[in-house]
Amino acid sequence: MIDFPPFLQNLYLRFYEYPLFIQIALVVSAISFATFLLTNVVMSLQRLEYSFLETRLVKLRKIVNGEITFKLMLKDRVVDQDIDGVVRRFNKIAITNKLVKQVITEELIYLRRNFSGYTATVLAKLYNRLNFMKSSISKLESRSWDVQAEGLREFQELPVPTEDIALINPLLNDQNDDVRIEAQAAYIRLNSHNPFKFLDSATEELLEWHQIILFEMIINTPRADIPAFSKWLDSDNLSVIIFSIKLIVHYQQLEAIPNIIKLLDHDDENVKEITIYAVGQLGAEESEQKLIAIFQESDLPIKVKILEAIGNIGSGKSERFLTDQYLMAEEFSLIKTAGCALGNQPGFDGDKFSAIHTLSLKQKTILSHCLNSLIRN
Amino acid sequence: MPNKILIIEDELFLLHFLEQRLEKENYNVDVARDGKEALEMFERNKYSLILLDLMLPFVSGFELIGKIRSDKRNAKTPILVLSASSSEDSMTESLAIGANDFLKKPFAIDVLLSQVEHFVGDSKLMKAVPFD
């Protein structure tokens, strides 16, 4: 039996003298206070730990940067002994330590992002001598998605033996969005032959932001030849179709126009919308009749896109259609878009148009706006 | 007057590395970590070359180029833009507002050095040849 101090015994006895609701209130208060104290203690400890870690990281980065800068990067020519010297120094600062390894990897990635040519070659040699590839590979097999994503980033930025590139294939269709995008970006960057092959078997959606990142990766990675993206226009994956259309427009692959026009009949509204945009950007005159044909049955946003596309094509062949839309439409967005599309038709004369047709004040104002050379597309 | 180069870059490692590398090539180098600091330095010094990053805090690289070109002391100073931006628009715009050349990151150090030599070397040559 534990012998409590007298004041605690008194407290215990008095507690049972209080009414029930006071007892409950006291218990709840005590628990809340204890929780509050515990939370503050845990937070303070975590902050302390973080502060120590930050200090250690700053110190480590300084050492690592110093070694790489003074022993390698500031030299005009680096010999193997220089690299070995840096490796020995890194071994002395406990290179088997995860944190040290991570700092060195991050610094190497940072430097590779900023420097190419001879410096990049030297850094690649250093990375290989440090034998960090094993660690990056083991990250790909981790159960944590963030560790996998980290490993994939390292794969992209640091030299990977050709035989190891295939290790990222299982992650190309990973359920986790972050892992998937990193794997796809790495695939594009590392596969000099056929970097878009992953689109053949992409089963998961290429999200909008994925597409933006992949797009940046594609245009920033030097390529000998860009494939005909039309080969993916019949993919089962709608996001792959959409992404391919965007690439066709960017690279102005005019030979894809016939295949793109077929997509104007696609069931999916997003595919249809991007297709309409694409025919406009590609100047596909042969699509105008089809655009006009689907105009009436389309929703307002699609109608606006159709008018924009015809405006961008600017062939002059659909001037009658645009005039009708401009004069008869009631929705402001339709009138405005039709007006600007008219302004883009070759030889369109705004004064003559105003003289022939009786225009409301709204229509005159819109036309004037559309024909303003400071605003015209 | 000794040739002076100003490097304007907010990434500290890069800033100091470039400073050390250029000093190793016997150039006289000043550094600024942002646009504000750079503007203060322009008031005190004339430079033979300015290396500048487009993405800077406080005053953007584009704005800074505009201000350099309107500053009498440095209006004709060559400006070499160092940028990670791959956008053709960034390149075109920076050249249009007055930059002399654009070096995209990642860049090779020897390419940077030859660009520096090209710009500073020309100014050395101009000083050596008297106008009649």
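What distance separates the centres of domain 1 of chain A and domain 2 of chain A, taken over C-alpha atoms? The legends below refer to a predicted model, and the opening view supplies the answer.

**Figure 1. The two assigned domains of chain A in the predicted model.** The domain assignment of chain A gives domain 1, residues 14-129, and domain 2, residues 132-227. Taken over C-alpha atoms, the centres of these two domains of chain A are separated by 26 Å. Twelve residues from domain 1 of chain A and ten residues from domain 2 of chain A take part in the contact.

**Figure 2. The largest nonpolar core and the surroundings of Leu51(B).** This core has 124 residues, and those with the most contacts inside it are Leu126(A) and Leu51(B). Domain 1 (14-129) and domain 2 (132-227) of chain A each supply at least three residues to this core. Neighbours within four places in sequence being left aside, Leu51(B) is in contact with Ile5(B), Leu6(B), Ile7(B) and Ile8(B), as well as with Leu22(B), Leu80(B), Leu82(B), Leu112(B) and Val116(B). In soluble globular proteins, nonpolar side chains tend to be buried together.

**Figure 3. A nonpolar surface patch that includes Leu8(A).** Phe4(A), Phe7(A), Leu8(A) and Leu11(A) make a nonpolar surface patch of about 430 Å². Helix α1 of chain A, residues 6-17, contains Leu8(A).

**Figure 4. Thr275(A) and its contacts in chain A.** Thr275(A) is found in helix α13 of chain A, which covers residues 269-281. With a relative accessible area of 0%, Thr275(A) is buried. Apart from neighbours within four places in sequence, the residues in contact with Thr275(A) are Ile245(A), Ile260(A), Leu263(A) and Leu264(A).

**Figure 5. Secondary structure and surface of chain B.** Chain B contains five helices and six strands, and from the N terminus on its elements follow the order β-α-β-α-β-α-β-α-β-β-α. Of the 132 residues in chain B, 50% are buried. Among contacts in chain B between residues at least 6 apart in sequence, 58% join residues at least 24 apart. Chain B has an accessible surface of about 6700 Å², and carbon and sulfur atoms account for 54% of this area.

How values were computed:
Residues are numbered from 1 along each chain as its sequence is written. Chains are lettered from A and ligands numbered from 1 in the order in which they are written. This is a predicted model: local features need pLDDT of at least 70, side-chain atom pairs count only at pLDDT 80 or more; totals for chains, interfaces and linings use all residues. Side-chain values use heavy atoms; hydrogens and water are left out. A nonpolar core is a set of buried Ala, Val, Leu, Ile, Met, Phe, Trp, Tyr and Cys residues joined through side-chain atoms within 4.5 Å. Buried means under 20% relative accessible area, exposed over 50%, partly exposed in between (1.4 Å probe, protein chains only). Domain bounds come from an automatic or database domain assignment. Contact means heavy atoms within 4.5 Å. Patches are made of residues with over 30% relative accessible area and no salt bridge: like charges are joined within 9 Å, nonpolar side chains (Val, Leu, Ile, Met, Phe, Trp, Tyr) within 5 Å. Accessible areas come from the Shrake-Rupley method with a 1.4 Å probe; for residues, only the protein chains shown count as cover. A salt bridge is a side-chain nitrogen of Lys or Arg within 4 Å of a carboxyl oxygen of Asp or Glu. Helices (H or I, at least four residues) and strands (E, at least two) are DSSP runs, numbered from the N terminus.
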